[in-house]
Amino acid sequence: MNSSLSPRAAIGLFLIVVLAWGVNWSMTKQIVQFLPPLWTSAIRSWIALAGLFVILALSDNLVIPERRDIPVVLSVALLHMTIFSVLVAAGVRFLPASKAVVLGYTTPLWVAIAAPLLGKDTLSVAKLAGALLGLIGLAVILNPASIDWTNTNVVLGAGMVILAAISWAANIIYIRAHRWIASPLQLLIWQVLVATIVLTVSAVIADGLPHAQWSWKLVLLLLYSGLIGTALAYWAMSMVNKSISALTTALGTTGTPLVGIASAAILLGEPIDRSLVVAAALIVTGIGLATLGDRLLRRQATASG
């Protein structure tokens, strides 16, 4: 399982990742109706941890991380698996899942804007155009006809999801600069373990023991979110990254919000209004331009040594 996949298998697995992540926003929207955001993320993380332990044990990818990999373990665990997860779960309580997934996947835009400001990248014309398109899309989805600015909870929810995207962007910028010792796949279970501990302790302190009206529906939602939307998706993405180009995966993940919008309409009955479609189109196009610009800069840097 350590070898690269065939192109057909990699594309198939990648489609599963996009579907799993896109549908997971609708699952989270339903779970937070039963559990607080911290417990939603903590329980999902425990389920993912168990699933990943089995997957990585069977694939002989259980290793002890070296000291130089500990910063990246903490970065992913705290910025993405903890802060991003909790902010999304908290924000989606007040927002339609379809709008939340579009806001949540503005992450590449924040990377394109922040990396040059931090001296970690160069701002090209393509990346600037992509960032501007994405920001226009963000303005469209946040316009008063789409978001009720008189409703404090709705505004708070949108703000939390945008902060979640920025947190994920900060993690991506750090990951790009990290010199990996173990592979991302081998470090995955340690990242989930740290996140699980932090999430559980935080949930106990903030909310006490979880109190919910347990049902088969809630159990199945948690199992999907933990096993399919988290454990399987993380593992599959690690395998895909070894088999197809980073540009293909980066552009392909722009399909996630589109899947999220469709699944919210099918599973939750959420309407697909014009502003949502326009915003999604602008943001996805902006991400594509920013990604292509980033790839072009990297090729030029490689060519010039």
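Me: How do I judge the span of helix H7 in this structure?
Reply: Start with the assignment: helices are DSSP runs of H or I with at least four residues, strands are runs of E with at least two, and both are numbered from the N terminus. The expected span is 1.5 Å times one less than the number of residues. Helix H7 (residues 152-177) has 26 residues and reaches 38 Å from its first C-alpha to its last, close to the 38 Å expected. Please keep in mind that this is a predicted model, where local features need pLDDT of at least 70, side-chain atom pairs count only at pLDDT 80 or more, and totals for chains, interfaces and linings use all residues. Residues are numbered from 1 along each chain as its sequence is written, and side-chain values use heavy atoms, with hydrogens and water left out.

Me: What does Asn 151 do at the start of H7?
Reply: Here we look for a polar contact, a pair of N or O atoms within 3.5 Å; within protein, one must be able to donate a hydrogen and the other to accept it, and residues adjacent in sequence count only if both atoms are side-chain atoms. A side-chain oxygen of Asn 151 comes to within 3.0 Å of the backbone nitrogen of Asn 153.

Me: How many salt bridges are there?
Reply: The rule asks for a side-chain nitrogen of Lys or Arg within 4 Å of a carboxyl oxygen of Asp or Glu. That gives 2 salt bridges. One joins Lys 99 and Asp 273, whose closest N and O atoms are 3.2 Å apart. Lys 99 sits in helix H4 (residues 97-104) and Asp 273 in the loop between helix H11 (255-267) and helix H12 (274-303), so the pair ties together parts 174 residues apart in sequence. Arg 68 and Glu 66 also meet in a salt bridge, at 4.0 Å from N to O.

Me: How many residues of H4 are buried?
Reply: The count is 8 of its 8 residues; among them are Lys 99, Val 102 and Leu 103.

Me: Which residues have the most contacts inside the largest nonpolar core?
Reply: In soluble globular proteins, nonpolar side chains tend to be buried together. A nonpolar core is a set of buried Ala, Val, Leu, Ile, Met, Phe, Trp, Tyr and Cys residues joined through side-chain atoms within 4.5 Å. The largest one here has 88 residues, and those with the most contacts inside it are Leu 95, Val 102, Leu 103, Ile 141 and Leu 142. Taking contact as heavy atoms within 4.5 Å, Leu 142 touches Leu 103, Ile 147, Trp 149, Ala 158 and Ile 162, not counting residues up to four places away in sequence.

Me: How many aromatic pairs does a search of the whole structure find?
Reply: A pair of aromatic rings is described by the distance of the centres and the angle of the planes. Rings of Phe, Tyr and Trp (its six-membered ring) pair if their centres lie within 6.5 Å; planes under 30 degrees apart are stacked, over 60 edge-to-face, and the rest tilted. The search finds 3 aromatic pairs. Tyr 105 and Trp 168 form an edge-to-face pair, 5.7 Å centre to centre with 80 degrees between the planes.

Methods
Buried < 20%, exposed > 50% of the residue type's maximum accessible area, 1.4 Å probe, protein only.
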